[in-house]
Amino acid sequence: MPRRTHRSEIVRVRGLPVMAVLLVLGGTATACGSHQPLRVEIRVHYSRFEPSTVTVPRGVPVTFVLVNTDPIDHEWLIGDAAFHQRHRTGTEAVHEERPNELTLPALHAVQTTLTFDEPGELAFICHLPGHEAYGMVGTLTVL
Amino acid sequence: MKRLASLLAAGVATLALAGPTLACGGLIGPNGAVNLLRTTTFAGYHDGVEHYVTAFEFAGGGGEFGSIVPLPDIPTNVERGGDWTLQRLVLETQPQDIAEAFDLALPGPAAGAAEVLLETRIDALDITVLRGGGDEVGAWARQHGFRLPPDAPEVLDFYAERSPVFMAAVFDADAAAERGQAIGDGTPVHLTIPTDNPWVPLRILALGRTEAEVVQADVFLLTDERPAMLPNPSVINPESGLRLEHSAPATDLLLSDLRSDTGMGWVPEKAWLTKVAVDAPAADLRFDLAIDTSGRDAPSLIDAGFRPFGPLPAPASPPAAVWVLLVVMAIGLPLGGAWLVSLSARGGLGGGMGGGRPLAGA
């Protein structure tokens with residue numbers, strides 16, 4: 001499971017001024033500087049994660065910027081199979097406490113920073129009703 | 001938009017009735033569940049005005065349910081619909097199932113920056129006509145407590161790019177119960193919509209469905225002339241899910257019966273009745289039914305949802321030869337004109353071309 005690093009932040013997306021300062025990555029994390037965490041932007045559009053596959057190195061803080069361009073709420077929950085199985089039957093309406101469990105309000109960007117200590121593969125999924133079945137599933141590979 | 005009633009002096013009527021399906025819009029509960037209440041819809045088009053009648057069934061229970069219906073244009077009036085129009089159309093093509101047909105149609109159970117164009121209350125229904133893009137309408141729904149399904153952003157954009165007008169109907173089941181509405185009772189809503197672009201929304205029927213879920217509906221068209229449709233249900237591959245089940249002149253008795261219902265005086269003296277059955281997996285139902293009754297046999301690709309909307313693409317640059325020709329004309333015409341004027345001044349063209357020297361070689 002990812003190590004907790006930072007509290008998430010929420011930025012309103014409408015008009016997209018925030019987008020100008022975000023680094024678009026296309027699926028692979030990159031560093032902005034030797035002391036800055038890697039940044040990965042994942043866009044949510046028409047209830048899909050774009051990109052849906054991301055690769056990051058282990059042991060390095062990674063800041064994920066989740067940009068929800070849809071007019072409906074979504075979630076970004078990242079973890080292993082057991083983690084997702086729990087959330088499929090969970091009743092938690094809003095995720096605010098854990099940095100690997102984010103609620104993505106409609107037309108907002110949310111940011112969180114995580115560090116992955118173990119190599120392997122995790123999934124990020126939206127567990128709102130019907131969203132996983134619709135295809136809101138992504139894969140994160142830790143090298 | 002308000003193009004020529006004379007070209008489209010025809011009626012389009014739709015009635016979606018079959019099976020456990022949403023006939024005209026997605027019904028979404030506050031918990032995000034799609035409630036498969038049966039909804040019946042009739043949209044008649046005549047003299048440039050569409051008359052859209054939708055009935056919301058009361059299925060029992062409590063709370064609120066919402067329905068979003070894409071509209072081809074802005075309605076000028078929203079009122080309670082007539083009492084038997086929907087039932088009568090069902091009878092016309094399913095006479096052997098009279099009891100069942102009546103049961104189907106009987107009244108029964110049944111944002112954000114979006115601009116609110118009209119609000120009204122009909123029985124236990126709160127009707128709001130909205131104008132806005134997919135984001136705005138989605139935000140309005142969210143702000144009013146309804147969680148749209150995951151396909152809603154794409155579907156709302158699909159319609160908003162063509163006509164950013166939607167009807168949101170919030171059905172208050174508690175109010176319906178207080179009014180004494182029994183399960184199976186419905187509330188018909190009649191919208192009067194001046195428009196020149198009649199089309200039947202089909203893709204909205206799949207809202208909230210999984211890809212494999214089958215959408216079943218019956219679409220009744222009532223037009224002044226035999227309509228051309230796209231997709232054409234008479235030739236389309238059955239796998240696409242449309243099937244032509246009835247196509248004939250409407251009987252005088254049917255038209256008379258329809259005309260006698262509340263708000264149905266617009267029904268013409270002569271009309272063509274068509275029934276199209278929809279039976280398709282939700283994943284395949286990514287189009288609407290475009291109608292053309294102008295006689296040109298050219299239903300719109302855009303109205304059917306097969307082409308993106310918005311501004312037309314810029315015309316391609318003309319080939320180089322065209323540019324060369326234009327340059328030659330731009331230079332040559334003034335020079336030639338000046339030469340002709342000069343020639344005329346010297347008498348070369350005096351008395352007419354026939355008597356002058358030949359231009360060639362001059």
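1. A residue is called buried here if 20 or more other C-beta atoms lie within 10 Å of its own, exposed if 12 or fewer do, and partly exposed in between, with C-beta atoms placed from the backbone. On that count 42% of the 143 residues of chain A are buried, and 48% of the 362 residues of chain B.

2. The model is predicted: local features need pLDDT of at least 70 and side-chain atom pairs count only at pLDDT 80 or more, while totals for chains, interfaces and linings use all residues. Residues are numbered from 1 along each chain as its sequence is written, and chains are lettered from A and ligands numbered from 1 in the order in which they are written.

3. Confidence in chain A needs a remark. pLDDT is the predictor's confidence in each residue, from 0 to 100; its mean over chain A is 80, and 71% of the residues of that chain reach 70 or more. Residues 13-26 of chain A have pLDDT below 50, although the stretch has 22 contacts in the model beyond near neighbours in sequence. A contact means that the C-beta atoms of two residues, placed from the backbone, lie within 7 Å. Where pLDDT is low, the predicted coordinates should not be read in detail.

4. Chain A has two helices and twelve strands. These elements are DSSP runs, numbered from the N terminus: helices are H or I with at least four residues, strands E with at least two. Their order from the N terminus is β-β-β-β-β-β-β-β-α-β-β-β-α-β. Among the contacts in chain A with a separation of 6 or more, 72% are between residues 24 or more positions apart.

5. Two strands are said to pair if DSSP finds at least two bridges between them. In chain A, strand 11 (residues 120-125) pairs antiparallel with strand 8 (residues 74-79) over three bridges, and Leu77(A) has Ile125(A) as its bridge partner there. Strand 11 of chain A also pairs antiparallel with strand 12 (residues 137-142) of chain A, over six bridges. In this second pairing, Phe124(A) is bridged to Gly138(A).

6. Chain B contains seven helices and 15 strands. One open, antiparallel sheet of three strands has the order 10-15-12. Strand 10 (199-200) and strand 12 (228-230) of chain B each have a single partner strand, so one side of each is left without a neighbour in the sheet. Strand 10 of chain B is joined to strand 15 (residues 289-292) of chain B by two bridges, and the partner of Trp199(B) in strand 15 is Ala290(B).

7. Another open, antiparallel sheet of chain B has three strands in the order 11-14-13. Its edges are strand 11 (214-223) and strand 13 (242-249) of chain B, each pairing on one side only. Seven bridges connect strand 13 of chain B with strand 14 (residues 272-281) of chain B; Leu244(B) has Val276(B) as its bridge partner in strand 14.

8. Two helices of chain B are mostly covered. Helix 3 (residues 134-143) of chain B has eight of its ten residues buried, including Asp135(B), Glu136(B) and Trp140(B). Gly145(B), which follows helix 3 of chain B, has a positive phi near 90°. In helix 4 (residues 152-160) of chain B, eight of nine residues are buried, among them Asp157(B), Phe158(B) and Tyr159(B).

9. By contrast, what is the setting of Glu178(B)? Glu178(B) lies in helix 5 (residues 173-178) of chain B and is exposed, because 10 other C-beta atoms are within 10 Å. Its C-alpha atom is 9.2 Å from that of Ala124(B), 54 residues apart along the chain.

10. A nonpolar core is a set of buried Ala, Val, Leu, Ile, Met, Phe, Trp, Tyr and Cys residues joined through C-beta atoms within 7 Å. The largest such core has 73 residues, and Val137(B), Phe166(B), Met167(B), Val278(B) and Leu289(B) have the most contacts inside it. A second, separate core of 29 residues includes Val40(A), Leu66(A), Leu102(A) and Val142(A).

11. The contact between the chains takes 14 residues from chain A and 15 residues from chain B. On the side of chain A that touches chain B, ten residues are nonpolar, three polar and one charged. Here Ala, Val, Leu, Ile, Met, Phe, Trp, Tyr, Cys and Pro count as nonpolar, Asp, Glu, Lys and Arg as charged, and the others, Gly among them, as polar.
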